[in-house]
Amino acid sequence: LSLMIRTKALEGNQIGQEKQNFEKIKPYIDQALKASPKDVELLTSIGYAYETAGDYNKALEVYNQALAIGQPTSDLYFHKGHVLFFLDRPDEGKLAYEESIKLDGDNPLTLMALGNIASTNGDLPKAYDLFKKASDAKDISPQLKSEALTAASLVRAGEFKMTEAIDLAKQAVDTYPNFSPALATYGFLLSINGNPKDGFEYQKKA
């Protein structure tokens with residue numbers, strides 16, 4: 001049930017039907033909670049279902065319920081941090097991300113989140129290191145790897161290291177050819193660096 005709940009929630013998130021999918025999942029959530037109220041993996045999946053449906057307070061409640069069991073995971077802390085940011089509690093969110101990294105220093109989602117924080121704070125070297133480390137994480141999905149490489153590319157562009165920025169953007173496109181942000185970034189960088197024809201083609205694909 002845990003895998004089904006998470007898969008359906010993720011599916012809803014990907015196609016923009018989060019709340020519709022959540023209504024389909026809800027009966028299984030109630031059933032699963034009755035059967036396994038102290039299953040951390042299950043609670044994490046249920047919290048994620050509430051998270052994708054936009055009920056961040058309920059998601060946080062479920063994540064805290066899972067943490068109270070005393071078997072924390074990096075994934076659980078990542079999701080807690082994510083909803084805390086949605087609830088405009090960034091300091092607590094960052095602390096949750098830091099707990100996530102303590103448990104798994106190669107968690108690509110958490111590395112990406114911390115990279116975004118560093119970038120927002122203007123610490124581009126740190127942001128680059130975090131995005132690049134995320135892109136090199138073991139078992140990372142092609143889409144997330146492409147996202148991490150795109151983020152690293154944009155950081156390098158912000159540092160005016162254009163050759164490296166273009167190379168990273170090309171790696172992002174090669175990794176996941178249908179990822180629109182990667183195509184748009186690569187196309188934009190080509191356009192402003194003397195290759196507007198190819199740049200336009202990649203931006204058109206995006």
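Predicted model: local features only at pLDDT ≥ 70, side-chain atom pairs only at ≥ 80, totals over all residues.
Residues are numbered from 1 along each chain as its sequence is written, and side-chain values use heavy atoms, without hydrogens and water. Local features need pLDDT of at least 70, and side-chain atom pairs count only at pLDDT 80 or more, whereas totals for chains, interfaces and linings use all residues.

Helices are DSSP runs (H or I, at least four residues), numbered from the N terminus. Helix H4 (residues 56-68) and helix H5 (residues 74-86) have axes that come within 9 Å and cross at roughly 150°. Axes are lines fitted to C-alpha atoms over the stretch in contact, with angles from 0 to 180 degrees between N-to-C directions. H4 and H5 are therefore roughly antiparallel (over 145 degrees). The crossing is left-handed (near helix turned anticlockwise from the far one by less than a right angle). In H4, Tyr56, Ala59, Leu60, Tyr63, Asn64, Ala66 and Leu67 meet residues of H5, including Leu76, Val83 and Phe86. Contact means heavy atoms within 4.5 Å.

Ser74 lies in H5. The Ser74 side chain makes a polar contact with the side chain of Asn107 at 2.8 Å. Such a contact is a pair of N or O atoms within 3.5 Å, one able to donate a hydrogen and the other to accept it.

Two non-glycine residues have positive phi. Phi is near 65° at Asp139, in the loop between H8 (124-135) and H9 (142-158). Asp139 is exposed (over 50%), at 71%. Phe160 has phi near 60° and sits in the loop between H9 and H10 (162-175). Phe160 is exposed, at 70%.

Notes
Parallel < 35°, antiparallel > 145°, perpendicular 65-115°, else oblique. Buried < 20%, exposed > 50% of the residue type's maximum accessible area, 1.4 Å probe, protein only.
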